[in-house]
Every structure is written in C-alpha cells, then in structure tokens.
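Okay, thanks everyone, let's get going.

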Amino acid sequence: EDGTYICRQGEFGDELYIVCRGRVDVIREVNKKKESIFLAREGDCLGEMAVLGNIPRTASLCARGDVDLLVIEGFHFQSLLRQNPDMSIHVIKLLVNRLAPAGG
C-alpha cells in the first residue's frame with residue numbers, strides 16, 4: 001500500500017527483495033533530511049548490501065502504490081550465489097553500479 005515502509009534505514013535485516021509489481025522508493029536519511037535516491041521498478045533487487053555484508057540497512061524502502069515483492073531470506077540468497085557463479089557476477093555489477101559516483 002502506498003506509503004507503507006517495507007524496511008527502515010539502520011535496521012538489521014536478513015531479507016532481500018525483488019520487485020515483482022509496482023514501485024518502491026529507496027530513501028536515505030542524512031542529518032535528519034530524507035532524500036529519495038532511487039525509484040525501484042519491476043525486476044529491481046533491493047536489500048542485497050545488508051544481506052551480503054551483514055550490516056544495517058543503508059536506506060529505507062517505501063511502497064509507492066500497490067507493490068508485490070519476492071522476499072528471499074539471506075541464507076537462501078547466499079546459497080543461490082554459491083550455486084550460480086553467473087548470478088554472483090550480476091550482483092557484483094549491480095552493487096558497483098549503485099555505489100559508483102554518478103557520471104564516474
């Protein structure tokens with residue numbers, strides 16, 4: 001439902017999300033200011049840094065309208081990566097693209 005938080009920045013989480021339908025706003029809060037940094041759409045993967053790094057969530061996820069998500073537990077996700085090297089490469093590229101500075 002629109003405006004519903006899926007997870008919040010700073011929380012520990014052991015789930016990865018894949019957007020199956022709808023849009024999810026990725027929001028980062030810095031110095032008490034919230035900023036939308038990405039609008040995830042169908043097929044986008046979210047939450048992988050917290051799962052892979054065993055770190056707190058780096059951003060909040062908020063539903064924009066009706067959203068269907070595939071939720072994968074961290075243990076299962078890591079098992080999939082071990083069994084599928086091509087998937088591991090895809091996830092690494094995804095992380096590099098998200099972490100690289102814009103235009104660089």
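This is a predicted model: local features need pLDDT of at least 70, side-chain atom pairs count only at pLDDT 80 or more; totals for chains, interfaces and linings use all residues.

**The hairpin and the rest**

Let's start with β2, residues 15-30, and β3, residues 33-40: they pair in the antiparallel sense, over seven bridges. By pairing I mean that DSSP finds at least two bridges between the two strands. Strands here are DSSP runs of E with at least two residues, helices are runs of H or I with at least four, and both are numbered from the N terminus.

Residues are numbered from 1 along each chain as its sequence is written, and side-chain values use heavy atoms, leaving out hydrogens and water.

Back to the hairpin. β2 and β3 have two residues between them, and Asn31 in that turn has a positive phi of about 55 degrees. As a reminder, most residues other than glycine have a negative phi. So is Asn31 buried or exposed? It's exposed, at a relative accessible area of 72%. The cut-offs are under 20% for buried, over 50% for exposed and partly exposed in between, with a 1.4 Å probe and protein chains only.

Asn54 is another one to look at: not a glycine, but with a positive phi of about 50 degrees. You'll find Asn54 in the loop between α1 (48-53) and β5 (60-73), and it counts as exposed too, at 62% relative accessibility.

Now side chains. Arg8 lies over the face of Tyr5, 3.8 Å from the ring centre. To count, CZ of Arg or NZ of Lys has to be within 6 Å of the ring centre and within 35 degrees of the ring normal.

Okay, zooming out. The chain has three helices and five strands, in the order β-β-β-β-α-β-α-α. Its radius of gyration is 14 Å, close to the 13 Å that the globule rule gives for 104 residues, so the chain is as compact as a globular protein of that length. That radius is over C-alpha atoms, and the rule is 2.2 Å times the number of residues to the power 0.38. The C-alpha trace spans about 40 × 30 × 25 Å along its principal axes, and buried residues make up 31% of the 104.
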